[in-house]
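Me: Please take one part of this model and look at it closely. I want the sulfur-bearing side chains first, then what surrounds them.

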Amino acid sequence: KLQNLEAINLVGTNVTELPVEILNLRKLRSLWLGGWGDYSNEYANWGCKCPLGIGKLICLEELYGIEADSDKIVREVGKLTQLRRLAITKLRREDGKELLSSLLRLTNLRDLIISCIEEDETLDLQHSVSPKLEFLTSLLLNGRLERVPQWVTSLQSLRTLRLFNSRLREDENVIGSLEHLPNLVSLSLYGAYEGETLCFKVGGFQKLQHLEIVQLTRLKWVRVEEESMPSLRNLQLIGCKLMQELPSGIQNLTRLEYLGFYEMSDELMHKVLNLDKRSEDYQTISHIPQVVIGQWIDGRWEGTFL
């Protein structure tokens, strides 16, 4: 009966290594491992070691939380050509090219998560090997990037993009390289940028509806030009402690329904809480139905609606 098993879910358990017997489950379609943390521990994630030969499970459509503890494992992943969802953790810099070669074969992928082995490791995903991933709708990259990989900027079906701990140094690498993704609806920048200013330029992010700017520790100013992000509904700024001013040009976001300030500087929080209705800042955000100020308390967000 076990040989006919189609799904295993070990997310959140203490299992750190799968037995070699897992390779006997040739009908397995879904294998979920490891887990994720939360805001308080910077979205820490962990995976699970899999035995060599994992590529024999050719019916797998979901492989979530496999550890890339060797180039051989990364190569094995490329044999799982039915995969629609893949989350791979602990990727080493030297295995980046091998992973891209494997991704070339995974033409059915819809959801992809790649996480580096440690905080200071670089995700080396910028090579001549360029996976097409024409059906990919969701991508998360967790780790330092020297720049946004070229293949990411050509993902025509991508709807959700999350960049964690990328530490990019130029606005053009972050915003300029992504603003023309034609179907991008949701963008999360968590520790993804080390500059002082983010500028959303004219004509960019035409379909974006949800934007999170989180833990950009050097960010001081956000500027939104006219005709940028015309579809934006939800904007959240979290843990950007050097920001003391409201985003410039936020009045241009005429469809914005929710604006959240969480764990921001005392100066900005005080300013938002005490806006004079006759002030320019008040006029800037008066068109937004919901404006919220929040704090992370006892493992969850506590917010105040203005």
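Reply: Start with Cys116. Its relative accessibility is 10%, so it counts as buried (under 20% relative accessible area; exposed is over 50%, partly exposed in between; 1.4 Å probe, protein chains only). This is a predicted model: local features need pLDDT of at least 70, side-chain atom pairs count only at pLDDT 80 or more, and totals for chains, interfaces and linings use all residues. Residues are numbered from 1 along each chain as its sequence is written, and side-chain values use heavy atoms, with hydrogens and water left out.

Now the sulfurs. A disulfide is a covalent bond between the sulfur atoms of two cysteines. The cut-off here is a pair of cysteine sulfur atoms within 2.5 Å. A search of the whole structure returns zero disulfides. For Cys50, the nearest cysteine sulfur belongs to Cys48, 5.6 Å away. For Cys116, the nearest is again that of Cys48, at 19 Å.

With 7% relative accessibility, Cys50 counts as buried. It sits in the loop between strand E4 (45-46) and strand E5 (62-67). Strands (E, at least two residues) and helices (H or I, at least four) are DSSP runs, numbered from the N terminus. Val20 is 30 residues from Cys50 in sequence, yet their C-alpha atoms are 7.9 Å apart. Neighbours within four places in sequence aside, Cys50 is in contact (heavy atoms within 4.5 Å) with Leu18, Leu33, Ile66 and Ile73.

Leu33 leads on to a cavity. Leu33 is one of the residues that line the largest cavity, including also Trp36, Trp46, Tyr64 and Ile113. On a 1 Å grid over the protein atoms alone, a cavity is a set of points where a 1.4 Å probe fits but cannot get out; lining residues have an atom within 4 Å of a point. Grid points are joined across faces, edges and corners, and a volume is the space filled by probe spheres set on the points. The structure has two cavities of 30 Å³ or more.

Next, the cores. A nonpolar core is a set of buried Ala, Val, Leu, Ile, Met, Phe, Trp, Tyr and Cys residues joined through side-chain atoms within 4.5 Å. The largest has 88 residues; among those with the most contacts inside it are Leu86, Leu112, Leu139 and Phe261. Another core, of 12 residues, lies apart from it and includes Ile113, Tyr190, Ile238 and Tyr258. Ile113 also lines the largest cavity.

Two loop residues deserve a glance. Phe205 is not a glycine, yet has a positive phi of about 50 degrees. Its loop runs between strand E11 (197-200) and strand E12 (210-214). Phe205 is buried, at 2% relative accessibility. Gln215, also not a glycine, has a positive phi of about 55 degrees. At 23% relative accessibility, Gln215 is partly exposed.

Technical notes:
1 Å grid on protein atoms, 1.4 Å probe; cavity = no way out; pocket = protein on both sides within 12 Å on 5 of 7 lines; lining within 4 Å.
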